[in-house]
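Here are some notes to read with the model open beside you. Take the points in order and find each residue as you go.

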Amino acid sequence: MLQPGGELAGGRVPRHFRQLPCAVIPGPWPGRHLAGLPLTVLSRRCLEEEPFVEIVPYPHPALRWKAKPVSQIDAALRSTVREMFDLMYEARGIGLAATQVALPIRLFVVNPTADPDETEEEFVFINPEIVRRKGQVVGEEGCLSLPGLYGDVTRAEEVVIEAFDLDGQGFEMKLDDLAARVVQHETDHLDGILFTDRMRQEGTSERVDLKLPKFVSVYEQARRDGLVSSDESIKARIDEMVRSGRIPEDYADCDTYRGSFPSLSEA
Ligand code: CO
């Protein structure tokens with residue numbers, strides 16, 4: 001298992017991963033940052049470990065799910081959250097939403113320092129709701145589901161967010177600056193909204209739109225190569241979560257996780 005903070009795109013990949021013949025990053029990738037993501041998935045596959053979660057890249061259909069409220073906080077959910085933090089650190093991110101790991105639940109994790117040693121900076125937001133927004137500010141954003149792609153997005157300058165923590169305790173946070181931006185970006189993920197959608201709304205997406213088709217072709221190839229979970233395996237995982245009561249039963253009949261993503265028409 002790769003350790004949090006391991007430099008996937010650069011030097012510090014454990015040696016046994018590099019020796020694996022299949023731990024070769026298939027290309028061409030649209031950006032150097034993308035290199036980290038499939039290698040994580042790939043390395044685990046090589047070791048025949050079935051990760052419970054993995055970061056799914058655009059245009060995976062999970063990124064369009066409207067997630068449902070978490071109904072139960074148990075040991076399984078806590079371990080999922082731990083895995084999400086680990087994946088986030090591996091990918092050098094500061095926030096990760098459940099839909100980005102193909103889980104249709106309203107939950108995201110944040111560590112604004114991106115440093116796995118800064119555990120006191122780790123925050124879990126369960127069933128989050130932004131209850132107040134103040135001011136507007138433009139700032140650059142990126143996304144672990146669109147590695148290497150960056151763009152300016154207008155967000156509220158200050159927000160008040162309510163959520164539950166892993167102990168089931170409700171809390172309220174008043175955030176500004178980067179933290180406010182992160183929670184708005186992650187809350188959007190839970191509604192199936194990407195930062196590129198916000199740019200499109202603002203009429204500033206021309207440059208990022210040109211890059212999306214490349215993500216689509218890389219994704220389609222990765223799926224053909226079995227490097228991204230199939231719809232069937234995602235469905236099986238969700239059915240298991242429904243059976244264990246971790247997500248509402250109506251997800252069993254929900255067809256949000258079926259079918260293909262209308263990626264090109266959307267861009
Ligand atoms: Co994102």
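1. A word on terms before we start: strands here are DSSP runs of E with at least two residues, and they are numbered from the N terminus. By that naming, Glu129 sits in strand β3. Please keep in mind that this is a predicted model.

2. Let's begin with the sheet. Strands of a sheet pair through backbone hydrogen bonds, either parallel or antiparallel. In this model five strands form an open sheet in the order β1-β2-β3-β6-β7, and the pairing is antiparallel. Which strands stand at the edges? They are β1 and β7 (170-176), each with a single partner strand, so one side of each has no neighbour in the sheet. On average, neighbouring strands are turned by 40 degrees against each other, direction ignored.

3. Now follow the pairs one by one. Strand β1 (residues 95-97) is joined to β2 by three bridges and runs antiparallel to it; here Ala97 has Phe108 as its bridge partner. Between β2 and β3 (residues 123-134) there are four bridges, again antiparallel, and Val110 stands opposite Phe123. Further along, β6 (residues 158-164) pairs with β7 over seven bridges in the antiparallel sense, with Val160 opposite Lys174. A helix joins the picture too: α3 packs on the sheet and touches β1, β2 and β3, its direction making about 45 degrees with that of β2.

4. Strand β2 (residues 107-110) deserves a look from both sides. Are its faces covered or open? Both are covered: Leu107 and Val109 are buried on one side, and Phe108 and Val110 are buried on the other.

5. The largest nonpolar core has 58 residues, and Val101, Phe108, Phe125 and Val183 touch the most other members. Helix α3 gives the most to this core, with six residues. Setting aside neighbours within four places in sequence, Phe108 is in contact with several residues, among them Gly95, Leu96, Phe125, Glu186 and Leu190.

6. Back to Glu129 in β3. Glu129 and Arg106 are 23 residues apart in sequence, and their C-alpha atoms are 9.7 Å apart in space.

7. Compare that with Gly93, in the loop between α3 and β1. The cut-off for buried is 20 or more other C-beta atoms within 10 Å. Gly93 has 23, so it is buried. Its contacts, leaving aside neighbours within four places in sequence, are Met88, Ala114 and Leu144. Gly93 and Pro112 lie 19 residues apart in sequence, with 8.5 Å between their C-alpha atoms.

8. The peptide bond from Tyr58 to Pro59 is cis, with omega near 5 degrees, and Pro59 lies in the loop between α2 (36-46) and α3 (75-90). Two residues other than glycine have a positive phi: Asn127, near 45 degrees, and Asp177, near 60 degrees. Asn127 is in strand β3 and is partly exposed, with 17 other C-beta atoms within 10 Å. Asp177 is in helix α4 (residues 177-190) and is exposed, with 12 other C-beta atoms within 10 Å.

9. Helix α6 (residues 206-224) has 19 residues, so at 1.5 Å a residue it should span 27 Å; its end C-alpha atoms are 29 Å apart, which agrees. Which residues of α6 are buried? They are Val208, Leu212, Phe215, Val218 and Tyr219. An α-helix has 3.6 residues a turn, so residues three or four places apart point the same way. The buried residues of α6 pack against β5 (151-155) and α5 (195-202). Just after α6 comes Gly226, with a positive phi of about 75 degrees.

Notes. Residues are numbered from 1 along each chain as its sequence is written. This is a predicted model: local features need pLDDT of at least 70, side-chain atom pairs count only at pLDDT 80 or more; totals for chains, interfaces and linings use all residues. Two strands pair if DSSP finds at least two bridges between them. Axes are lines fitted to C-alpha atoms, for helices over the stretch in contact, and angles run from 0 to 180 degrees between N-to-C directions. Two residues are in contact if their C-beta atoms, placed from the backbone, lie within 7 Å. A nonpolar core is a set of buried Ala, Val, Leu, Ile, Met, Phe, Trp, Tyr and Cys residues joined through C-beta atoms within 7 Å. The expected span of a helix is 1.5 Å times one less than its number of residues.
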